[in-house]
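Please examine the sequence and structure shown below. The briefing that follows covers a network of salt bridges, a ligand shell and a metal site.

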Amino acid sequence: MGMLVTSLASGLLLGCAYAGAAVGLSLAMGMARVFNLAHTALGLTCGYLAYFLLTTAGIDPMVAVGLLAPLMFLAGLALWPTLFRPTVRGVADPALSTSILTLGLAIVLENALSKVWTPNPRIMSTPYSNQAITLFGFTVQGSLVVAAVLGLLLVLGLHWFLNRTFIGLAIQAVAQEPDGARLVGIRAELVSMLVFALSVGTAAIGGVGLAMIYSFGPASYFDWLLTVLLIVVVGGAGAILGTLISALGVGLVLGLGGALLPQAWNSLILFGLLLTILLLRPYGLFK
Amino acid sequence: MLEVSGLTVYYGPLPAVREASLKVAAGQFVGLIGPNGAGKTTLLKAVSGLLRPAAGRVVFDGTDITGWPAERICELGLVHVPEGRKLFPRLTVLDNLRLGAYLPRARAESDRALKEVFDLFPRLYERRRQLAGTLSGGEQQMLAIGRGLAARPRLLILDEPTLGLSPRLAHEILEVIKRLNSERRLTLLVVSQEVVHLLKLADYAFVMETGRITAEGPASELIADPKVRKVYVGL
Ligand SMILES: Nc1ncnc2c1ncn2[C@@H]1O[C@H](COP(=O)(O)OP(=O)(O)O)[C@@H](O)[C@H]1O
Ligand SMILES: [Mg+2]
């Protein structure tokens, strides 16, 4: 019983961490119509950079996130006009053209990571990594708590930004009715660029979070991507709180499944769930 | 105030508007009528920057705005309330109106503009916290007009503000539009299928058929024109 409750608690925390890794992807899909398959690869790159900062300069990953997220935001601003806009412009199905572009980007990043850091798996060890933390009577791993808090803050912050700020409303306006937005003077193109840059900025937070929990190699982005895509599909593209709820569900399945079933069953359950939802509600559960 | 000359707009290989010219003078209430598919919506979209014309010129207040993007044209005070309303369906009435006043020029006066819109359409005030997509057709039309007014227009273009409304509601909306012109001196260019009513309220009107402007004149003369009566009034 105690173990079950503990795996429930870790499952929920894992869900929060995954929500942080998924929410940016959902944002870009729902609000800028960009399908960024390199989202977790960008996140993983930040994981490696945080690992580098930790091992060479002793910089805590929580501090690294504060440096990497703004840097990735700037990278997003640079990627939009150079790579994405030309790929989206005049294309009937931007989801297809951007997914091919970003798949390529992900593979390039994987190879670069492999060159710089070798294919060997890495583990981010901080003083709190393996420290047992007791929360409400449950004992969980310290790095899991940190990653979960990062993810949760990110999701709630984005939700606040989109609904409580004027620029957030303009982002929603462009997503809901681009022509209507242009007619009130919103520069839809700039808004899409901002959304995309935000999304890439969040990749840093989500990626460092997952890199704190799991051991990772250059190809880990692919496992992360599958889980994150599942979360986005279930939550509904662009639904920020939907992403959180869906991620919590996925976290629970992973947490409980990890405790009760052999490892192989986890993916089977998750992707069985994905198929069922795609068949029944292809636009997501919360949209 | 608005001068459109020789405007031609294509969808792919097919022209929807051919060498259309029209003028709207400051303070005027101008109607644009014509059967479905004549190209009225296409013409208005090319004026407000949603479509790029292939040829011709659009001059607003002495500025050549031909081919400008919609967001820049809005900044000049040429505001288009489009066919189908194009509201933000999952935002509230209040947020739709606030976004109408998105540009700095309008945002500075947004509180006053909102109050004016609510005075004009008290129903919108009652429903201010409701999502735009859940409003009735008439309320959505009021909101679309309100959002346009929040942008502080000097010329307001209204495309089919009466579409899909009951005749009574359609007339009510047209009366409000008329008041904007007579009480606030707002310059208007309005398309409506309520031809008789529109011609009674407007100062001047243009008739459009298969992409061309085929007739124009003071609205009171057009309404008496046997040809116009035959096609649009069914008399
Ligand atoms: N998006 C579009 N793509 C292709 N053809 C269009 C499009 N919109 C309108 N048309 C065509 O252009 C012509 C003019 O349409 P429209 O401007 O909507 O006329 P109106 O507003 O007078 O009813 C019609 O023949 C219509 O079928
Ligand atoms: Mg039309």
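A salt bridge is a side-chain nitrogen of Lys or Arg within 4 Å of a carboxyl oxygen of Asp or Glu. By this criterion, Glu109(B), Arg112(B), Glu116(B), Arg152(B) and Arg184(B) are linked in a network. This is a predicted model, in which local features need pLDDT of at least 70, side-chain atom pairs count only at pLDDT 80 or more, and totals for chains, interfaces and linings use all residues; side-chain values use heavy atoms, without hydrogens and water. Residues are numbered from 1 along each chain as its sequence is written, while chains are lettered from A and ligands numbered from 1 in the order in which they are written.

**Salt bridges**

- Over all chains, the whole structure contains 13 salt bridges.
- Glu109(B) pairs with Arg112(B) at 3.7 Å, N to O, and with Arg152(B) at 2.9 Å between the closest N and O atoms.
- Helices (H or I, at least four residues) and strands (E, at least two) are DSSP runs, numbered from the N terminus.
- Arg152(B) is buried at 17% relative accessibility, whereas Glu109(B) is partly exposed at 27%. Buried means under 20% relative accessible area, exposed over 50%, and partly exposed in between (1.4 Å probe, protein chains only).
- Glu116(B) and Arg184(B) form a salt bridge at 3.2 Å, N to O. Glu116(B) lies in helix H5 and Arg184(B) in helix H8 of chain B, so this pair ties together parts 68 residues apart in sequence.
- Both partners are partly exposed, Glu116(B) at 24% and Arg184(B) at 37%.

**Ligand 1**

- Helix H1 (residues 40–48) of chain B supplies the largest share of the shell around ligand 1, three residues.
- Oxygen atoms of ligand 1 lie 2.8 Å from an N or O atom in the side chain of Lys40(B), 2.7 Å from a polar side-chain atom of Thr41(B), and 3.2 Å from a polar backbone atom of Ala38(B).

**Magnesium ion (ligand 2)**

- Thr41(B), through OG1, and Glu83(B), through OE, coordinate the magnesium ion at 2.0 to 2.4 Å. Donors are N, O and S atoms within 2.8 Å of the metal (3.2 Å for Na, K and Ca); water is not among the atoms, so sites may look incomplete.
- These two residues are 42 residues apart, with Thr41(B) in helix H1 and Glu83(B) in the loop between strand S6 and helix H3 of chain B.
- Glu83(B) is partly exposed, at 31% relative accessibility.

Key. A polar contact is a pair of N or O atoms within 3.5 Å; within protein, one must be able to donate a hydrogen and the other to accept it, and residues adjacent in sequence count only if both atoms are side-chain atoms.
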